[in-house]
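Please take a moment with the sequence and the 3D structure before reading on.

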Amino acid sequence: MVKIKVVEGDITKVKVDAIINAANTTLMGGGGVDGAIHRAAGPALYAACERFGGCPTGEARITSGFNLPASYIIHTPGPVWRGGQHGEDQLLANSYRNSLELADQNGCRTVAFPSISTGVYSFPLDRAAKIAIRTIRKFSQTARQVDEVTMVCFDPTTARAYQAAL
Ligand code: AR6
């Protein structure tokens, strides 16, 4: 069984095998958690991401953690909220599932996620939290290496939403 936890904090400080980055499809950095991860990991992360030539929404790519306490960073562009009729729910679930599968394939036991798509991308928080928890639970039935998933929430409102979903 995969243990699921919700904490309030800064994901760049978390010592786990892999943290997830709420990226964009260029994978070339940005604001929010993406900017914070790039600043903390250092410029070598930018060079590593450049080699992918981007990533479609809902897919995931893995790099080293560079200067972060985490060993790996898994980059996934979540969907931009456009009203809910453009496959946003499925794309968000894909981001969680593909990130978890990539972590599993790379032998990660402990994984930490930020609240994907609920910042700049405006995905409704409660709806995103339910999708995240449901997708992590479903993945836990087939997980081989991953045994702990932490949602690292940057503010109390976000933490409450994931706690409620859990
Ligand atoms: N640790 C944990 N969570 C954080 C941190 C941090 N250090 N910093 C911010 N958050 P966002 P999105 C929270 O906007 O909606 C970027 O420019 C934040 O409070 O970072 O998926 C990318 O390049 C919010 O709860 O990601 C994309 O262009 C959550 O992380 C775009 O933003 C997600 O907010 C992606 O937008």
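The model is a predicted one, in which local features need pLDDT of at least 70 and side-chain atom pairs count only at pLDDT 80 or more, while totals for chains, interfaces and linings use all residues. Residues are numbered from 1 along each chain as its sequence is written, and side-chain values use heavy atoms, with hydrogens and water left out.

**Helix packing**

Let us begin with a pair of helices. Helices (H or I, at least four residues) and strands (E, at least two) are DSSP runs, numbered from the N terminus. Helix 1 (residues 32-41) packs against helix 2 (residues 43-50) at an angle of about 115°, and their axes are 6 Å apart. The axes are lines fitted to C-alpha atoms, for helices over the stretch in contact, and the angles run from 0 to 180 degrees between N-to-C directions. From helix 1, Ile37, His38 and Ala41 make the contact, and from helix 2 Leu45, Tyr46 and Cys49 do; contact here means heavy atoms within 4.5 Å. Sorted by class, this contact of helix 1 with helix 2 has five nonpolar residues, one polar residue and no charged ones. In this scheme Ala, Val, Leu, Ile, Met, Phe, Trp, Tyr, Cys and Pro count as nonpolar, Asp, Glu, Lys and Arg as charged, and the others, Gly among them, as polar.

**Salt bridges**

How many salt bridges does a search of the whole structure find? The search finds seven, a salt bridge being a side-chain nitrogen of Lys or Arg within 4 Å of a carboxyl oxygen of Asp or Glu. The table shows some of them.

| Glu148 | Lys5 | 3.6 Å |

Glu148 and Lys5 form a salt bridge. This pair links distant parts of the chain, with Glu148 in strand 6 (residues 148-153) and Lys5 in strand 1 (residues 3-8), 143 residues apart. Lys5 is partly exposed, at 30% relative accessibility. The terms have these cut-offs: buried means under 20% relative accessible area, exposed over 50%, and partly exposed in between (1.4 Å probe, protein chains only).

Asp104 lies in helix 3 (residues 88-105) and Arg144 in the loop between helix 4 (125-140) and strand 6, so the pair ties together parts that are 40 residues apart in sequence. Is Asp104 buried or exposed? Asp104 is buried, with a relative accessible area of 4%, whereas Arg144 is exposed, with 63%.

**Pockets**

Now to the open spaces. On a 1 Å grid over the protein atoms alone, a pocket is an open set of points where a 1.4 Å probe fits, with protein on both sides within 12 Å along at least five of seven lines, and lining residues have an atom within 4 Å of a point. Grid points are joined across faces, edges and corners, and a volume is the space filled by probe spheres set on the points.

The largest pocket has a volume of about 560 Å³. Its lining has 26 residues, and those closest to the centre are Ala22, Gly32, Val33, Ser115 and Gly119. Strand 2 (18-23) and helix 1 are the elements that give two or more residues to this lining, and helix 1 gives the most, with four. By class, the lining of the largest pocket has eleven nonpolar, twelve polar and three charged residues.

The second largest pocket holds about 250 Å³ of space. Its lining includes Asp89, Ala93, Arg97, Arg134 and Thr135, and helix 3 and helix 4 each supply at least two of the lining residues. By class, this lining has three nonpolar, three polar and five charged residues.

Thr135 sits in helix 4 and is buried, at 12% relative accessible area. Leaving aside neighbours within four places in sequence, Thr135 is in contact with Ala93, Tyr96 and Arg97.

**Positive phi angles**

Leu27 is not a glycine, yet has a positive phi of about 60°. Leu27 is found in the loop between strand 2 and helix 1 and counts as buried at 1% relative accessibility. Ser117, also a residue other than glycine, has a positive phi near 75°. Ser117 is placed in the loop between strand 5 (110-113) and helix 4, and counts as buried at 5% relative accessibility.
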